[in-house]
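Dear colleague,

I am handing over the structure below, and I would be glad if you could read it alongside the notes that come after it.

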Amino acid sequence: MLMSSWVETANDPQCPFPLNNLPFGVFSAGDAPRCATAIGDKVLDLAALQKAGLLPACGFDEPALNTFMAKGPQVWQAVRDRLTSLLSAEHEDGETRLQVTSALHEACDVRLHLPFQVSEYTDFYAGKQHAINVGTMFRGAENALPPNWLHIPIGYNGRASTVVVSGTEIRRPLGQTKAPDADMPSFGPCQRLDIELEMGAVIGLPSNMGQPVSVDEADAMIFGYVLLNDWSARDIQAWEYQPLGPFQAKAFATTISPWIVTKAALEPFRCPTPEREKPLLPHLRDTGPMLYDIELGVSMTAKGGAPTVISQTNYRYMYYSAAQQLAHHSSSGCAMRTGDLLGSGTVSGPDKHQYGSLLEMTWGGKEPLTLDDGQTRRFIEDGDTLALHGHAQGQGYRIGFGSCKGTILPAFDS
Ligand code: CA
């Protein structure tokens, strides 16, 4: 059910930011970046509310949410309850409401920043259809799924240094590639630039080195979720990835949406992981529904054209949840930090229109996409814009994530 707010634009059933959502982000309005939530078509300055004594001191005046995220589930819930009360339609129209009103900004007038300082970034590979599609193209159908895949959520350590907020322009990567019939590799701009449609789990509570966490403990450590585009250089990846996995093909950029949608907002949309094809070892077994029913999509705007929706899928297709990935990540004794970001892996559904990368949609570039404006694409060209979108659909309301987009600039030219 939609929770009604006195910020009236939040009550539109299509609005991504109703009172039920209350995501957390960082904004500025020509001044210093600080923490915020989104409500309707407004952004609410949490630093101003903290200063007025309407919220507990949680570092909301800082340019990142890490201090708040480190405080844990009880404080997260107390702040959410307080904001819900302050913004509810039932909140009486008095002095407090005037204070809150004075902390509201028009969303179209502010700049949104990276919502948290990314401590470390790990990317998983937990979508089975994606793993089968890519494995088939890279190694053949018989060897598509690696032998470990049904037993552990496999992943690699990515780069936190190049995680950027939606709207940041992305420079086409340079790298070493080798054509199958060439004797020697060559160095130059990526020719097969791609996206990966993913969800990112944001870690709030840290864990100790040497101490594994259970799946339940892992779920409790997660602060919330963002949309994540794991930009990928397929030609660089194909040459470099064996035996240690992706490296430069992924290290140049990862884009996330500006709002962290909390686990509390997503609670009504929990759903189970798909049926196991092989039983998991006890430390990775689900103890309850830990995936979420989140509708996801990708739109592509070729340079000078109009946006075309090229994929529509759902987070529920993943084989492993973020909690299972986090439990696996800590299982060796690896310490997790506040601000760690876990990429889910590309979310590809079973049908072709549900694939989460151009590599899969065009089957390695063999079947070009035709966009609504008539332009065709195998991979991304300079000046193209790719945008991820996502929301959980409730009865009479939706929980949105905001935009996750980037435009490609030509490669660095020395
Ligand atoms: Ca990925």
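This is a predicted model: local features need pLDDT of at least 70, side-chain atom pairs count only at pLDDT 80 or more; totals for chains, interfaces and linings use all residues.

Because aspartate 123 belongs to strand 6 (residues 121-124) and glutamate 198 to strand 13 (residues 197-203), the pair ties together parts that are 75 residues apart in sequence. Aspartate 123 is buried, with a relative accessible area of 1%, and glutamate 198 is likewise buried, at 0%.

As for the strands, six of the seven residues of strand 20 (residues 295-301) are buried, so this strand is largely enclosed by the rest of the structure. Strand 20 pairs with strand 21 (residues 308-314) in the antiparallel sense over six bridges, with leucine 296 having threonine 313 as its bridge partner in strand 21. These two strands form a hairpin with six residues between them, and glycine 304 in the turn has a positive phi of about 80 degrees. Strand 20 is also joined by seven bridges to strand 25 (residues 385-393), again running antiparallel, and there the bridge partner of serine 299 is alanine 387.

On the surface, Leu174, Phe187 and Phe412 form a nonpolar patch that has about 360 Å² of accessible area together. Phenylalanine 187, which is placed in strand 11 (residues 186-189), counts as exposed because its relative accessibility is 63%, where the cut-off for exposed is over 50%.

With best regards

How values were computed: Residues are numbered from 1 along each chain as its sequence is written. Side-chain values use heavy atoms; hydrogens and water are left out. Patches are made of residues with over 30% relative accessible area and no salt bridge: like charges are joined within 9 Å, nonpolar side chains (Val, Leu, Ile, Met, Phe, Trp, Tyr) within 5 Å. Accessible areas come from the Shrake-Rupley method with a 1.4 Å probe; for residues, only the protein chains shown count as cover. A salt bridge is a side-chain nitrogen of Lys or Arg within 4 Å of a carboxyl oxygen of Asp or Glu. Helices (H or I, at least four residues) and strands (E, at least two) are DSSP runs, numbered from the N terminus. Buried means under 20% relative accessible area, exposed over 50%, partly exposed in between (1.4 Å probe, protein chains only). Two strands pair if DSSP finds at least two bridges between them.
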